[in-house]
Amino acid sequence: MPIKFEIGDVVELKKNHPCGGNTFEIMRVGMDFRIKCFTCDKQLWIERAELERRLKKHISKDEAKK
């Protein structure tokens with residue numbers, strides 16, 4: 001069963017972005033996701049299966065605001 005993601009959730013991935021950051025905010029959900037790197041603000045597209053495979057930690061938007 002797929003993981004439930006919402007816009008505004010924060011995810012930490014296993015593999016770092018080329019800028020060195022590994023924390024991203026979800027900007028769009030669906031079969032493809034648009035995520036934004038917190039370190040360099042670059043936005044990238046990633047498939048759902050790839051995101052779920054690379055996921056290290058999922059933080060909901062309510063927990064991220066605290």
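Buried here means under 20% relative accessible area, with exposed over 50% and partly exposed in between (1.4 Å probe, protein chains only). This is a predicted model, where local features need pLDDT of at least 70, side-chain atom pairs count only at pLDDT 80 or more, and totals for chains, interfaces and linings use all residues. Residues are numbered from 1 along each chain as its sequence is written, and side-chain values use heavy atoms, leaving out hydrogens and water.

| Residue | Relative accessible area | Class |
|---|---|---|
| F24 | 2% | buried |
| F5 | 6% | buried |
| F33 | 0% | buried |

F24 belongs to strand β2 (residues 23-28); strands are DSSP runs of E, at least two residues, and helices are runs of H or I, at least four, numbered from the N terminus. Beyond its neighbours within four places in sequence, F24 is in contact (heavy atoms within 4.5 Å) with residues including V11, L13, I35 and L44.

The whole structure holds 1 aromatic pair; Phe, Tyr and Trp rings (six-membered for Trp) pair if their centres lie within 6.5 Å, with planes under 30 degrees apart stacked, over 60 edge-to-face and the rest tilted. F5 and F33 make this edge-to-face pair, at 5.3 Å centre to centre and 80° between the planes. F5 sits in the segment before β1 and F33 in strand β3, so the pair ties together parts 28 residues apart in sequence.
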